[in-house]
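Subject: Handover of a structure and notes on its contents

Dear colleague,

Please find below the structure that I am handing over to you.

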Amino acid sequence: MDPKALNPDGSAKDLNKITSTTPSGNIDKIRDILFGNQMRDYDRRFARLEERIQREQTDLKEEIRKRLDSLETYIRTEIDALSDRLKTEQAERGDSAKEMSREFKEITQSLEKKTSQIDDQLNRNQRDLRQNVLDQSKQLMEEIQSKHNSLSQSLERAVQELTVDKMERSGLADLFTEMALRLNNQFHIENVDGNQDE
């Protein structure tokens, strides 16, 4: 850096000469004279820059905090919504399971009732069938017994008639034989006293 360019009053003094002839205590003064305005300007600029950086950093922190709060709120809202949906679905599934259980129980009871009714009907039908078979068997036995008695009586009458008819035929045959013998004079009737008639 050219010392003449840094001299604020525009004099042509050489900086090296000044610093070589001046005691060390005055160097700070000279520096302040030469660079004071620029250093203060730099300090102001650095202060403004630092203030601006700090403000931007604060704004950035605030923005990040707001966004994090917003994100947290959104996540919490979504979690609450998912939790509510899950609870609703669990409740609906619970209700559906209860409804299905109730319907299954009703169907089971209905089937048991129908099965019991069918068993009762089958038992009644079996009893009725057995009773009908028994009644018909009894009626058939009575009819058979009646037919047997009737046939027995008819057979007995027929046998009696045949017996009487046979006796009548035998007597008739004896009569015819006797008549034939008399006609031929071969038949002798015994008298009461034991003599025979010719």
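A salt bridge is counted when a side-chain nitrogen of Lys or Arg lies within 4 Å of a carboxyl oxygen of Asp or Glu. In general, side chains of opposite charge can pair when their charged atoms come close.

Residues are numbered from 1 along each chain as its sequence is written, and side-chain values use heavy atoms, with hydrogens and water left out.

Overall fold

The protein chain contains three helices and zero strands, in the order α-α-α along the sequence. Helices (H or I, at least four residues) and strands (E, at least two) are DSSP runs, numbered from the N terminus. Of the 198 residues in the chain, 3% are buried; buried means under 20% relative accessible area, exposed over 50%, and partly exposed in between (1.4 Å probe, protein chains only). The chain exposes about 18,200 Å², and carbon and sulfur atoms supply 54% of that area. Accessible areas come from the Shrake-Rupley method with a 1.4 Å probe, and for residues only the protein chains shown count as cover.

Salt bridges

The structure holds 10 salt bridges. In one of them, Glu106 pairs with Arg102 at 2.5 Å, N to O. These two residues lie four apart in helix H3, about one turn of the helix. Arg102 also forms a salt bridge with Glu99, where the closest N and O atoms are 2.3 Å apart; Arg102 and Glu99 are three residues apart in helix H3. Arg102 is partly exposed, with a relative accessible area of 38%. Glu99 is also partly exposed, at 33%, and so is Glu106, at 41%. Elsewhere, salt bridges that share partners join Asp41, Arg44 and Arg45 into one network.

Another salt bridge links the side chains of Glu63 and Arg67 (3.0 Å, N to O). Both residues lie in helix H3, four residues apart.

A nonpolar patch

Leu60, Ile64, Leu68, Leu71, Tyr74, Ile75 and Ile79 form a nonpolar patch on the surface, with about 690 Å² of accessible area together. Patches are made of residues with over 30% relative accessible area and no salt bridge; like charges are joined within 9 Å, and nonpolar side chains (Val, Leu, Ile, Met, Phe, Trp, Tyr) within 5 Å. Leu68 has its place in helix H3, which spans residues 27–183.

Confidence

The pLDDT is the predictor's confidence in each residue, from 0 to 100. Its mean over the protein chain is 78, and 79% of the residues reach 70 or more. Where pLDDT is low, the predicted coordinates should not be read in detail.

Yours sincerely

Technical notes: This is a predicted model: local features need pLDDT of at least 70, side-chain atom pairs count only at pLDDT 80 or more; totals for chains, interfaces and linings use all residues.
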